[in-house]
Amino acid sequence: MSMLVQISNLTKRYITTTALSDVSLEVPEGHIMGLLGPNGSGKTTLMKILAGLVSPTSGSVLVDGMAPGVGTKATVSFLPDVNHLDRWMSVGEAGDFYADFYLDFDRKRFEELLAIMRLTAGQKIGSLSKGMVEKARVSLVFSRRARLYVLDEPFGGLDPLARSQVLDALVANFRTDCSMILSTQMVADVERFFDDVVFLDGGRVVLAGDAEDLRTRRGASIEDIYREVYGHVETR
Amino acid sequence: MWKLVRYQLRGRRLLYTIGLIIMGALTLYQATRFIGMQENPAQSAPVSMGVPLTMALFWILFYTVMTVINIVTYTQDLYGDTGYLVFGLPLRGAAILGSRIVLLVIDTLMTLLGGMTSVIVLACLAPGLAQQIRPWVGKFLLTGDYWVMCLGVLVTIVSFMAIMFFGVTFGKTLTNSKKHLGSVFSALVVIAVLWSSARLGLMLETRFNGINLSLSPWQNLPILGAGTQPVQFPLVSPLMFVTLGVLAFAVTSWLMDCKLNL
């Protein structure tokens with residue numbers, strides 16, 4: 001099984017804090033990995049490094065055999081945890097933007113996803129509700145035939161119906177020749193999709209492994225293991 | 001890079017439209033000040049000279065606002081959420097920064113052409129001034145030295161902005177996500193670079209005294225009186241400033257590629 005993501009001894013230090021410390025992990029092709037941890041555990045920093053938006057302090061990161069940079073940005077589809085789209089854009093213009101810059105953007109799939117999400121191309125990003133913006137962003141990210149999908153809190157601000165629409169899109173668009181790294185606090189909703197899970201705390205990997213193995217070995221769901229690992233940190 | 005320029009222009013279409021409508025309306029308003037005035041130069045001279053000059057000042061203000069918007073939007077991309085869109089693109093830092101420079105050149109050319117048109121139109125309508133200006137407009141627009149001067153101004157502005165972009169980017173790489181601290185660092189970097197370049201420029205001008213570019217940009221506007229006299233433009237310090245701008249561009253591109261932490 002080929003590894004799409006290989007991270008070894010990754011450390012990221014800022015001036016006063018260490019966001020990631022000696023992190024090593026691998027994501028095989030065709031796997032969905034859950035990246036779990038409380039706020040400030042280093043999930044977003046790790047995802048930004050994979051997306052080529054943050055430079056590592058030390059250690060090695062390879063995405064599809066390449067160090068993060070211009071090359072990997074063309075193959076990694078990143079969904080940040082905030083609205084990254086310009087407010088002046090319409091949903092259709094955002095699609096045009098992606099189509100112009102990402103060769104793997106599938107316009108037909110984008111139109112299908114917009115229909116599923118009940119969005120229209122003419123709607124302005126600036127006039128959409130938070131949940132609708134989230135659906136537009138998810139549609140854009142999944143319309144790319146990327147090798148690696150990196151999704152940071154894709155369910156934030158979504159109502160239960162929208163959440164199920166996004167989950168459906170996630171499942172329907174996943175291929176065996178790609179991988180996905182998904183960070184979420186809504187563990188119960190998505191744990192059934194995880195092939196692997198990594199628990200981060202204070203920038204370190206505290207627990208990692210095959211999701212099914214962990215469930216069997218510990219006789220508990222991933223959400224319960226989450227509660228166990230992080231004590232009384234509440235999951236939604 | 002050009003695709004990014006196209007999108008950024010699209011994002012600014014409302015701003016450009018509003019800005020140009022305001023400038024057009026101001027030109028029209030200024031033109032109405034000539035209504036009812038006599039063709040007597042002695043009586044109309046203060047208004048006739050004052051109106052085109054005031055309009056030129058309005059265009060300078062317009063350009064200042066556009067320049068501030070350029071810096072603010074770049075800072076927002078570095079510190080704000082839209083940075084994920086721009087810096088997440090499979091483009092090198094040089095292409096992203098290059099698109100900003102192209103936008104700046106477009107703003108400069110738009111101001112230059114809009115400002116010239118507006119001022120020339122007002123001068124050609126100004127009672128007492130129009131008779132003297134009109135025969136010379138065509139010749140003035142074909143004055144090579146004037147356009148050389150404009151090109152020099154454009155290159156200097158682009159270099160200045162490259163240094164500003166460098167300051168903002170360097171401040172960001174030093175302070176990560178701390179916006180206010182980053183702004184202070186950026187300002188300090190820009191001040192330090194400009195101060196050093198001014199000192200170095202003065203030193204170089206003293207060392208290479210006499211290396212000037214002699215231009216007569218106003219030679220075809222004899223109404224200005226001193227138009228026939230060539231103007232001496234220092235050459236060494238602007239060249240050094242442009243070199244600094246190129247250096248700032250290269251270092252900023254490298255910072256974007258290798259050191260940026262969004």
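Me: How many of the 13 residues of α5(A) are buried?
Reply: This is a predicted model, where local features need pLDDT of at least 70, side-chain atom pairs count only at pLDDT 80 or more, and totals for chains, interfaces and linings use all residues. Residues are numbered from 1 along each chain as its sequence is written, with chains lettered from A and ligands numbered from 1 in the order in which they are written. A residue is buried if 20 or more other C-beta atoms, placed from the backbone, lie within 10 Å of its own. The rest of the structure largely encloses α5(A), because the buried residues number 10 of the 13.

Me: What do the buried residues of α5(A) pack against?
Reply: The buried residues include V133(A), L140(A) and F142(A). Contact means C-beta atoms, placed from the backbone, within 7 Å. Helices (H or I, at least four residues) and strands (E, at least two) are DSSP runs, numbered from the N terminus. The partners, in chain A, are β5 (76–79), α3 (91–101), α4 (107–116), β6 (148–152) and α6 (160–172).

Me: How far apart are the end C-alpha atoms of helix α5 of chain A?
Reply: The expected span is 1.5 Å times one less than the number of residues. For residues 130–142 that gives 18 Å, and the model agrees: the ends are 18 Å apart.

Me: Which element gives the most to the side of domain 1 of chain B that touches domain 2 of chain B?
Reply: An automatic or database assignment sets the bounds: domain 1 is 1–139 and domain 2 is 143–262 in chain B. Domain 1 of chain B brings 24 residues to the contact, and domain 2 of chain B brings 25. With 10 residues, the top giver on the domain 1 side is α5(B).

Note on methods
Two residues are in contact if their C-beta atoms, placed from the backbone, lie within 7 Å. A residue is buried if 20 or more other C-beta atoms lie within 10 Å of its own, exposed if 12 or fewer, and partly exposed in between; C-beta atoms are placed from the backbone.
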